[in-house]
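Here is a friendly walk through one model, written for someone who likes to know the cut-offs behind each term. Have the viewer open as you read.

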Amino acid sequence: MGAVSAAAMALVPTMASAQDVGRGHPEPGQFHLQESVTPIMDSIVAFHDGVLMWTITLIVLFVLALIIVIVVRFNAKANPVPARFTHNTLVEVIWTVVPILILAVIAIPSFGVLSDQLTVPDGERKYLGANLFSAEVEVPEATLTVKASGEQWYWNYEYVDQGVAFDSNILSEAEIAELKPGQPRLLAVNNELVVPVDTTVRMQITASPSGVIHAFAVPSFGIKIDAVPGRLNETWFNARETGLYYGQCSELCGKDHAFMPIAVRVVSAEEFATFIAAFEESRDYATAAALLPAL
Ligand SMILES: [Cu+2]
């Protein structure tokens, strides 16, 4: 275990620097999940660290121990005359029942997180957050609705209640250098989805009626949901920190699947109010986005 904890310690600087610099997108050499900024991602991190890692680590160590016992005790030299029996009812019952119990224990928080992801807050329902076995996190009612539509191959976003929409396209490396220096390649877009901080956003996800299936995913928010033509899927997020958060289409959708990134810009409530008012008035994304602080 000494070597394992030393190895774990060696990772700490990488994870710390990833949190300082790479918020909202992966860093080269990064370990672990992206930093969480929503209650759902808190649940996913807790599920991963608190349930899954322990389960798989114990199973791997147990199987390794069995293999070592077999290699040492039952090789041809140590055990020249093998036993001839073929069944052992007790062992067979154990190796059937124990995995079922393990799966049941994993299933309880897993289904809890899944139903949290798919149930848009009404202001009363409590959410799991980082505590997977008791729902205690309060989330305010959704006050903003955004419809994201997967197109071939870019995203279209609509502020449903305001009735304004815009397309969001990937930027080439040359365009990033010119327009948005420092932003990550293959993730930076021309028009980010702008949302307010500490606000519950209802996301409606679909795809172009004449198009193909995509999936809308933003790791820092713990969102991943299919974008299906003719179907409106629903999820939500409530980001507690401002910043730029990236995701990617997560359904193999065609030739430019890798080139339709998602960029969500979380801004303060005042900045969002200014932005959305200007967008409604001008019906032009660029005019409204120009009022936000430069990226
Ligand atoms: Cu796609």
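## Tyrosine 285 and its surroundings

Let's begin with tyrosine 285, which touches Phe166, Asn191, Glu192, Val194, Phe275 and Phe279 when residues up to four places away in sequence are not counted; contact here means heavy atoms within 4.5 Å. Tyrosine 285 sits in helix H6, residues 285–289. Helices (DSSP H or I, at least four residues) and strands (E, at least two) are DSSP runs numbered from the N terminus. With a relative accessible area of 7%, tyrosine 285 is buried. On this scale, buried means under 20% relative accessible area, exposed means over 50%, and partly exposed is in between, using a 1.4 Å probe and protein chains only. Between tyrosine 285 and phenylalanine 85 there are 200 residues in sequence and 75 Å in space, C-alpha to C-alpha.

## How to read the model

This is a predicted model, in which local features need pLDDT of at least 70 and side-chain atom pairs count only at pLDDT 80 or more, while totals for chains, interfaces and linings use all residues. Residues are numbered from 1 along each chain as its sequence is written, and side-chain values use heavy atoms, with hydrogens and water left out.

## The copper site

Which atoms coordinate the copper ion? They are ND1 of His214, SG of Cys249, SG of Cys253 and SD of Met260, at 2.0 to 2.6 Å. Donors are N, O and S atoms within 2.8 Å of the metal (3.2 Å for Na, K and Ca), and water is not among the atoms, so sites may look incomplete. Along the chain, the donor residues of the copper ion follow the spacing H-x34-C-x3-C-x6-M.

The arrangement is tetrahedral because the 4 donor atoms around the copper ion subtend angles of 92 to 127 degrees; four donors count as tetrahedral if all angles lie between 85 and 135 degrees. For reference, the ideal angle for four tetrahedral donors at a metal is 109.5 degrees.

## Glutamine 152 and the cis peptide

Glutamine 152 belongs to the loop between strand S3 (144–151) and strand S4 (154–159), and tryptophan 153 is found in the loop between S3 and S4 as well. The peptide bond joining glutamine 152 and tryptophan 153 is cis, with omega about -5 degrees.

Is glutamine 152 buried or partly exposed? Its relative accessible area is 40%, so glutamine 152 is partly exposed. Beyond its neighbours within four places in sequence, glutamine 152 is in contact with Ser210, Gly211, Val212 and His214, and His214 is one of the residues coordinating the copper ion. Glutamine 152 and alanine 227 are 75 residues apart along the chain, and their C-alpha atoms are separated by 12 Å.

Serine 208 lies in the loop between strand S7 (201–207) and strand S8 (214–218). At 12% relative accessibility serine 208 is buried, and it touches Ser149, Gly150, Glu151 and Pro229, not counting residues up to four places away in sequence.

Alanine 188 is in the loop between helix H4 (173–179) and strand S6, and at 0% relative accessibility it counts as buried. Setting aside neighbours within four places in sequence, its contacts are Asn169, Ile170, Leu171, Ile176, Gln183, Tyr246 and Pro261.

## Helices H2 and H3

Helix H2 (residues 39–73) packs against helix H3 (residues 89–118) at an angle of about 165 degrees, with the axes 10 Å apart. That angle makes H2 roughly antiparallel to H3, a label for angles over 145 degrees. Axes are lines fitted to C-alpha atoms, for helices over the stretch in contact, and angles run from 0 to 180 degrees between N-to-C directions.

Residues of H2 that meet H3 include Ile40, Ile44, Phe47 and Leu52, and among their partners in H3 are Ile102, Ile106, Pro109 and Val113.

## Positive phi values

Histidine 32, in the loop between helix H1 (2–21) and H2, has a positive phi near 70 degrees although it is a residue other than glycine. Histidine 32 is partly exposed, at 38% relative accessibility. Aspartate 198, in the loop between strand S6 (193–196) and S7, has a positive phi near 55 degrees and is likewise a residue other than glycine.

Technical notes: Tetrahedral: all angles 85-135°; square planar, octahedral: opposite > 155°, others 65-115°. Parallel < 35°, antiparallel > 145°, perpendicular 65-115°, else oblique.
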